[in-house]
Amino acid sequence: ANFSQGNEAAFNWLILGTNGRELMASGLDSKYDECVVCLRADRSYIFCKQSVHHEVVTQASLWEGLQMMVPSREEEVDSDSYDARKIGAFIEMVATCKSLGVFARQIDVGEGQDFKMHVERWPLVQAFGYDEYGHGFLTLNRSVTNLEEAMHREVYTKWDLGSIIWAKSLTSKLRKAWEDAMLFHDNSAQKKGSLESVAAAPLVDYFEYGRLSMSDEDVLELREGAAPAEPLLLNPAPRVLVAMQTEEILLPTTIPGPERLALVPSDEVQHMIWEAVDPVTGVAATRTYGLATHFRGEGRSTAGIARISLLLRAYAAAADCCLRLLSGELAASAFSPNR
């Protein structure tokens, strides 16, 4: 599992259920260094030490055709016996395979390097070719495919049950940031200051802090093997929409554009839309708020109150229509597997 960063990510996703940016930013816990996983069409193999046996077998308990390979405590004490047990387990896993799929990031392989030679430098693969075993080089008569790019494109970026459970466990932090932003908004309104630039400051701070461990540029470099040539436009990212003018917060990249006119108290400004984004999972949440007062805390005219009342009734009617469409017979037919 620790032969390359690609192998570490695959192990963390497959056995530990790690997802999202955490999957690419975190390394392998040292207690799993000796684990070896082989997935075949007919069966699956896992080699691990006694210390992590219970944890690993629990995670893989629903796998069909799983064979656990665990050295005895006596073998673990004797390094020679342990190495022989581990190499023997690896040989049993791959000896009859004609093609192999492994995981290696391009930055680990290096530009222009032979991929098979890169794999042959892994210690366990080197041991496979020892003369005393009589198998020759592992990659000599076998095709070897790097599955790293396919995993990022087809697996790591997809939502599954594990990633949904993981994302749900982080929602409390986003909710706390939202509540802080609401308090911050109320305090700023009482001071009659401009809200459009500061209303969602706690949401932005939470987003920025969460992206410190791994930026979008870092993600692209890990996936593509090279840093982006142009600055990346963060989407989604936290932002606030006040009436017809948007104060977009796109960090760390600054997108140039025309200067926006300063907002002034007006009965035309009747609502505000917030969008918050979890920096790790990418889950976005949005909410529309009707402004009973001007965005600077000043009172509304009678005509302004009538306009905001009409807007809120129209918004409630639209939300009710969406709810009926998503929960009625139309929704059942729209999402039917027979369509």
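Author: Let us begin with a term: a residue is buried when its relative accessible area is under 20%, exposed when it is over 50%, and partly exposed in between, with a 1.4 Å probe and protein chains only. The model is predicted, so local features need pLDDT of at least 70 and side-chain atom pairs count only at pLDDT 80 or more, while totals for chains, interfaces and linings use all residues. Residues are numbered from 1 along each chain as its sequence is written, and side-chain values use heavy atoms, with hydrogens and water left out.

Reader: Does Arg324 count as buried, partly exposed or exposed, and which residue forms a salt bridge with Arg324?

Author: A salt bridge is a side-chain nitrogen of Lys or Arg within 4 Å of a carboxyl oxygen of Asp or Glu. Arg324 has 58% relative accessibility and therefore counts as exposed. The closest N and O atoms are 3.0 Å apart, and the partner is Asp320.

Reader: How is Asp320 classed, buried or partly exposed?

Author: The relative accessible area of Asp320 is 34%, so the class is partly exposed.
Side chains of opposite charge can pair when their charged atoms come close.

Reader: Where in the chain does the salt bridge between Glu55 and Lys31 have its two ends?

Author: In this pair the closest N and O atoms are 3.3 Å apart. Glu55 is partly exposed because its relative accessible area is 30%, and Lys31 is partly exposed because its value is 41%. The pair links distant parts of the chain, 24 residues apart: Glu55 lies in helix α3 (residues 50-59), and Lys31 in the loop between α2 (20-25) and β1.

Reader: Which residues are linked with Arg153 in a network of salt bridges?

Author: Arg153 forms a salt bridge with Glu154, with the closest N and O atoms 3.3 Å apart. Arg153 is partly exposed because its relative accessibility is 43%, and Glu154 is partly exposed because its relative accessible area is 47%. The residues linked with Arg153 in the network are Glu149 and Glu154.

Reader: How many salt bridges are there by this rule?

Author: Those between Asp320 and Arg324 and between Glu55 and Lys31 are among them. The count by this rule comes to 9 salt bridges.

Reader: Which element gives the most residues to the lining of the largest pocket?

Author: On a 1 Å grid over the protein atoms alone, a pocket is an open set of points with protein on both sides within 12 Å along at least five of seven lines, a cavity is a set where a 1.4 Å probe fits but cannot get out, and lining residues have an atom within 4 Å of a point. The largest pocket holds about 740 Å³ of space, and its lining has 30 residues, with Val37, Cys38, Gly101, Val102 and Phe103 nearest its centre. Elements that give two or more residues to this lining are α1 (5-14), β1 (36-39), α5 (79-94), β4 (99-102) and α8 (123-128). With 5 residues, the element that gives the most is α1.

Reader: Which residues line the largest cavity?

Author: A search of the whole structure finds 1 cavity of 30 Å³ or more. A volume is the space filled by probe spheres set on the grid points, which are joined across faces, edges and corners, and the largest cavity has about 30 Å³. Its lining has 4 nonpolar, 2 polar and 1 charged residues. The residues are Ala167, Leu170, Thr171, Leu174, Asp278, Thr281 and Val283.

Reader: Is Ser163 buried or exposed?

Author: Ser163 lies in helix α10, and its C-alpha atom is separated by 9.5 Å from that of Trp13, 150 residues apart along the chain. Because its relative accessible area is 3%, Ser163 is buried.

Note on methods
Helix = DSSP H or I, 4+ residues; strand = E, 2+ residues; numbered from the N terminus. Nonpolar A, V, L, I, M, F, W, Y, C, P; charged D, E, K, R; others polar.
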